[in-house]
Amino acid sequence: MKKILSTFFVLILICGVAQAKQHQRGHSKHKAAVADQAQTVNANGEAVKDPNAPVTPLEFSLTKDKELLNRELTELKKTSANAQQIKNERDSLQERVVNVERDLQQFKLENQALKDSANQDWFLYGGGLALAGVLLGFIIPKISWGRRNTWGSF
């Protein structure tokens, strides 16, 4: 067990040393880029060091991070402004939905009332027709049609 742990520790140590060497090589590239950025040429053709330019790799890396964060901040501001507009649109649409649902309920009630009224009208027409039939059933037999009953006259 101790051999396995010590072997594992040695492997981690070797990997860490290899990564440190690669990291240091990357810094030498940054130093050259920093040196190029830090110097500018004035009107006389002399190289003048920019006082705001980063001098060390750490300052160079911090400057890059700052620029990246500033870009992200502007993107977030644009997104948040867009989100506020979307929220306002959502609120107005929700209000419209509530109004439309209220109108729909009102129209449903009116439609039901009209259907009930139409059914009631048909019921009244049917009742009136039945009453007219009963009345005609009583009245028509009482009417004499001009034909005389010769058998009943004796």
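Colleague: How many aromatic pairs does the structure hold?

Modeller: The structure, which is a predicted model, holds one aromatic pair. The two rings belong to Trp 122 and Tyr 125.

Colleague: What makes Trp 122 and Tyr 125 a pair, and why is the pair called edge-to-face?

Modeller: A pair of aromatic rings is described by the distance of the centres and the angle of the planes. Here the centres are 5.8 Å apart, and the cut-off for a pair is within 6.5 Å, so the rings of Trp 122 and Tyr 125 count as a pair. Their planes stand at 90°. An angle over 60 degrees is called edge-to-face, therefore this pair takes that name.

Colleague: Which element of the protein has the highest mean pLDDT, and which the lowest?

Modeller: Helix α2, residues 57–142, has the highest, at 90. Strand β1, residues 39–41, has the lowest, at 53. The average for the protein is a pLDDT of 77, and 60% of the residues score at least 70.

Colleague: What are the elements, and in which order do they run?

Modeller: There are two helices and two strands. From the N terminus on, the order is α-β-β-α.

Colleague: What makes the contact between Asp 91 and Lys 87 a salt bridge?

Modeller: The N to O distance between their side chains is 3.3 Å. The cut-off is within 4 Å, so the two residues form a salt bridge. Both lie in helix α2, four residues apart, about one turn of the helix.

Colleague: How do you know that Asp 91 also forms a salt bridge with Arg 90?

Modeller: The closest N and O atoms of Asp 91 and Arg 90 are 3.4 Å apart.

Colleague: Why are Asp 91, Lys 87 and Arg 90 called partly exposed?

Modeller: The relative accessible area is 30% for Asp 91, 38% for Lys 87 and 42% for Arg 90. Buried means under 20% and exposed means over 50%.

Colleague: Is Leu 131 buried or exposed, and how do you know?

Modeller: Leu 131 has 54% relative accessibility. The cut-off for exposed is over 50%, so Leu 131 counts as exposed. Leu 131 lies in helix α2. Together with Val 134, Leu 135, Phe 138, Ile 139 and Ile 143, Leu 131 makes a nonpolar surface patch of about 590 Å².

Colleague: Why does Thr 63 count as partly exposed?

Modeller: Thr 63 has 29% relative accessibility. That lies between the limits of 20% and 50%, so Thr 63 is partly exposed. Thr 63 is in helix α2. A polar atom of its side chain lies 2.7 Å from the backbone oxygen of Glu 59.

Notes: Residues numbered from 1 in each chain as written. Predicted model: local features only at pLDDT ≥ 70, side-chain atom pairs only at ≥ 80, totals over all residues. Heavy atoms only, no water. pLDDT = per-residue confidence, 0-100. Patch = residues over 30% accessible without salt bridge, like charges linked within 9 Å, V, L, I, M, F, W, Y side chains within 5 Å. Areas by Shrake-Rupley, 256 points an atom, 1.4 Å probe, with all protein chains shown as cover. Buried < 20%, exposed > 50% of the residue type's maximum accessible area, 1.4 Å probe, protein only. Polar contact = N/O pair within 3.5 Å; in protein donor to acceptor, adjacent residues only side chain to side chain. Phe/Tyr/Trp six-rings, centres within 6.5 Å; stacked < 30°, edge-to-face > 60°.
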